[in-house]
Amino acid sequence: MKKIGIITYHFARNYGAVLQCFALQTFLEKKGYSVEVINYVNSIQYNNNDYYKHGFNIKKIIANVLLFPFFRVRKEKNKRFDDFNKKYLNLTEKVENLEELEVLIKNKKYDYLISGSDQVFNPNIEDFDLAFLFPFKTKAKKISYAASTGNANNCDINRIKKYILNFDKISIR
């Protein structure tokens, strides 16, 4: 049975991101593949999904004060997302940086690596990470699934072009 590793924004507190990940995993499993969702979340991505805004500038302090009354609601929502992910996604162990990702992929011996969907090819977003482009050698075939460059222009894309060109199949939206 062929093994597939999916890397996407599965950790986002966004119904579309989580459901597309679940749908892709389910579709591939029904086609007979062994599928895992690579549980990749770097520190910036973790902070973006945290209960509080990190840092000590005036905007973040004000935001934290304004968000404080909603702490319990936000905590319950995050728990529901975490529970869904644990129950329905075949998550790998958590990896937090490019080096850990490379080791995980090498150890898992995936036949295919899928990146997407979402703005995984957008170098302009705050939490962009080269990990979504698999910028290292691997025996696995690299595939993009409904990847988006968002608002990136040609100059932005040229910065990551060499990694995109290493993909075996590319689908974009």
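In which order do the 5 strands of the open sheet come, and with what pairing? The legends below start there, and please keep in mind that this is a predicted model.

**View 1. The open sheet, strand by strand.** The 5 strands are arranged as β2-β1-β3-β4-β5, and their pairing is parallel. Two of them form the edges: β2 (34–37) and β5 (169–172), each of which pairs on one side only. If you follow the sheet across, the twist from one strand to the next averages 20°.

**View 2. Strand β1 beside strand β2.** Here we zoom in on β1 (residues 3–7), which runs parallel to β2 and is joined to it by 4 bridges. A handy landmark is G5, which stands opposite E36 in β2.

**View 3. A tilted ring pair, Y15 and F81.** The structure holds 10 aromatic pairs, and one of them is made by Y15 and F81. Their centres are 5.0 Å apart, with 35° between the planes, and the pair is tilted.

**View 4. An edge-to-face ring pair, F22 and Y88.** In this pair the ring centres lie 5.6 Å apart and the planes meet at 70°, so the pair is edge-to-face; the cut-off for that class is over 60 degrees. F22 sits in helix α1 and Y88 in helix α4, so the pair ties together parts 66 residues apart in sequence.

**View 5. A cluster of aromatic rings.** Which residues do ring pairs link into a cluster? Look for Y9, F11, Y40 and F132, which are joined in this way.

**View 6. A nonpolar patch on the surface.** F56, I61 and V65 together make a nonpolar surface patch of about 370 Å². To find F56, go to the loop between α2 (43–48) and α3 (58–67). F56 is exposed, with a relative accessible area of 81%.

Note on methods:
Residues are numbered from 1 along each chain as its sequence is written. This is a predicted model: local features need pLDDT of at least 70, side-chain atom pairs count only at pLDDT 80 or more; totals for chains, interfaces and linings use all residues. Side-chain values use heavy atoms; hydrogens and water are left out. Patches are made of residues with over 30% relative accessible area and no salt bridge: like charges are joined within 9 Å, nonpolar side chains (Val, Leu, Ile, Met, Phe, Trp, Tyr) within 5 Å. Accessible areas come from the Shrake-Rupley method with a 1.4 Å probe; for residues, only the protein chains shown count as cover. A salt bridge is a side-chain nitrogen of Lys or Arg within 4 Å of a carboxyl oxygen of Asp or Glu. Helices (H or I, at least four residues) and strands (E, at least two) are DSSP runs, numbered from the N terminus. Buried means under 20% relative accessible area, exposed over 50%, partly exposed in between (1.4 Å probe, protein chains only). Two strands pair if DSSP finds at least two bridges between them. Axes are lines fitted to C-alpha atoms, for helices over the stretch in contact, and angles run from 0 to 180 degrees between N-to-C directions. Rings of Phe, Tyr and Trp (its six-membered ring) pair if their centres lie within 6.5 Å; planes under 30 degrees apart count as stacked, over 60 as edge-to-face and the rest as tilted.
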